[in-house]
Amino acid sequence: FLPVVPGSHRMVLWGVDMIQNDYYVLMKRPKESATGSGLLAPFDTEVWLLILLSLVVVGPVMYLVMYLRVRICDSNTIKVYPLSACVWFVYGALMKQGSTLSPVTDSTRLLFATWWIFIMILTAFYTANLTAFLTLSRFTLPIENVDDIARTARQWFAAEGGPIEYAVMNTEDDGDLSVLKRSVSRNLGHFINTADEVKVKQYVAEDWLYLEENRRLKLFLLKDYMTKTLKGTEEKDRCT
């Protein structure tokens, strides 16, 4: 049987497809889920950075708005809360604590109310996501498609002279495998003799990604598991 690969249609007239193979990625078992763990898991890193930025910025903004209103309106009856009180209000609202500040002007009230509503929505989403994460936790992997292989900028390898090498090296610049072709040009992708299982295990142990046909990967994992079992390796260390 010959694999149907890009660029071969000009030379071969293909008949009926007899079988379709799936190609997967073999990687070293990660120590934690790709979605993270612990109390920081409900939100992404970007969300946490934006929350931290809002905590730093909102307090001074409240103080600046009150100060500018007093200067522009030239009113001596409106009290301007000190900067420390505004900052403490921001952190107190985050902890769901009350405040002794009682704004009088509409602009200040609008700022205070907006921050309270933001904190209410934020804590509600955090509580819901944390509950779902702790009760329905699932282990996710960082690699889900071809683009993820190139995005992670990790070393990967496949069988030398196999369908993957032919498909990658002969793909169009805008093809589905073009990201792998570019990673090969950046010396991130390699094609080696995968018959040397010792070398393959060494690369996988060094956190390289192994691209191969599904059945061959299953056979490789089965042989590795049986070898470790015969050596008396503990159960938790057999599937690594």
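Predicted model: local features only at pLDDT ≥ 70, side-chain atom pairs only at ≥ 80, totals over all residues.
Start just after helix 6, where Asn-187 takes a positive phi of about 65°. Helix 6 itself covers residues 178-185.

Look at helix 6 next. Ser-178, Val-179, Leu-180, Ser-183 and Val-184 are buried there. What covers them? The cover over the buried residues of helix 6 includes helix 4 (146-151), helix 5 (163-169), strand 2, strand 3 and strand 4.

Take the pairings one by one. In general, strands of a sheet pair through backbone hydrogen bonds, either parallel or antiparallel. Strand 1 and strand 4 run antiparallel, joined by four bridges. In that pairing, Tyr-24 stands opposite Glu-212 of strand 4. Strand 4 spans residues 209-213 and runs parallel to strand 2, with three bridges between them. Strand 2 (residues 156-159) also runs parallel to strand 3 (residues 189-192), and here four bridges make the join.

In strand 4, its bridge partner is Leu-209. In strand 3, Trp-156 stands opposite Gly-189. Further along, Ala-158 stands opposite Phe-191 in strand 3.

Are its faces covered or uncovered? Both faces of strand 3 are covered. Gly-189 and Phe-191 are buried on one side, and His-190 and Ile-192 are buried on the other. In a regular strand the side chains alternate between the two faces of the sheet.

Aromatic rings come next. The structure holds 14 aromatic pairs. One of them joins Phe-89 and Trp-116, and the pair is edge-to-face. The ring centres are 5.3 Å apart, with 70° between the planes. Phe-89 lies in helix 2 and Trp-116 in helix 3, so the pair ties together parts that are 27 residues apart in sequence. Phe-89 counts as buried because its relative accessibility is 4%. Trp-116 is partly exposed, with a relative accessible area of 43%.

Another pair brings us back to the sheet. Phe-157 and Trp-208 form a tilted pair, 6.2 Å centre to centre with 55° between the planes. Phe-157 lies in strand 2, and Trp-208 lies in the loop between helix 7 (197-205) and strand 4, so this pair ties together parts that are 51 residues apart in sequence. Both Phe-157 and Trp-208 are buried. They also belong to an aromatic cluster, together with Tyr-203, Tyr-210 and Phe-220.

Which residues touch the most other members of the largest nonpolar core? That core has 16 residues, and the answer is Met-62, Phe-89, Val-90 and Trp-115. Helix 1 (45-73), helix 2 (83-94) and helix 3 (106-135) each supply at least two residues of this core. Helix 1 gives the most, with five. A second, separate core of 14 residues includes Met-27, Ile-143, Trp-156 and Ala-158.

Leaving aside neighbours within four places in sequence, Met-62 is in contact with Cys-86, Phe-89, Val-90, Leu-111, Phe-112 and Trp-115.

Finally, consider the record. An unreviewed UniProt entry carries the annotation "transmembrane region" for residues 47-66, 78-95 and 115-136. In the model, the span 47-66 is 100% helix and 0% strand, and its end C-alpha atoms lie 28 Å apart. The span 78-95 is 67% helix and 0% strand. Its end C-alpha atoms lie 28 Å apart.

Methods:
Residues numbered from 1 in each chain as written. Heavy atoms only, no water. Core = buried A, V, L, I, M, F, W, Y, C linked by side-chain atoms within 4.5 Å. Buried < 20%, exposed > 50% of the residue type's maximum accessible area, 1.4 Å probe, protein only. Contact = heavy atoms within 4.5 Å. Pairing = 2+ DSSP bridges. Phe/Tyr/Trp six-rings, centres within 6.5 Å; stacked < 30°, edge-to-face > 60°. UniProt positions renumbered as here; feature names shortened; annotations may be inferred.
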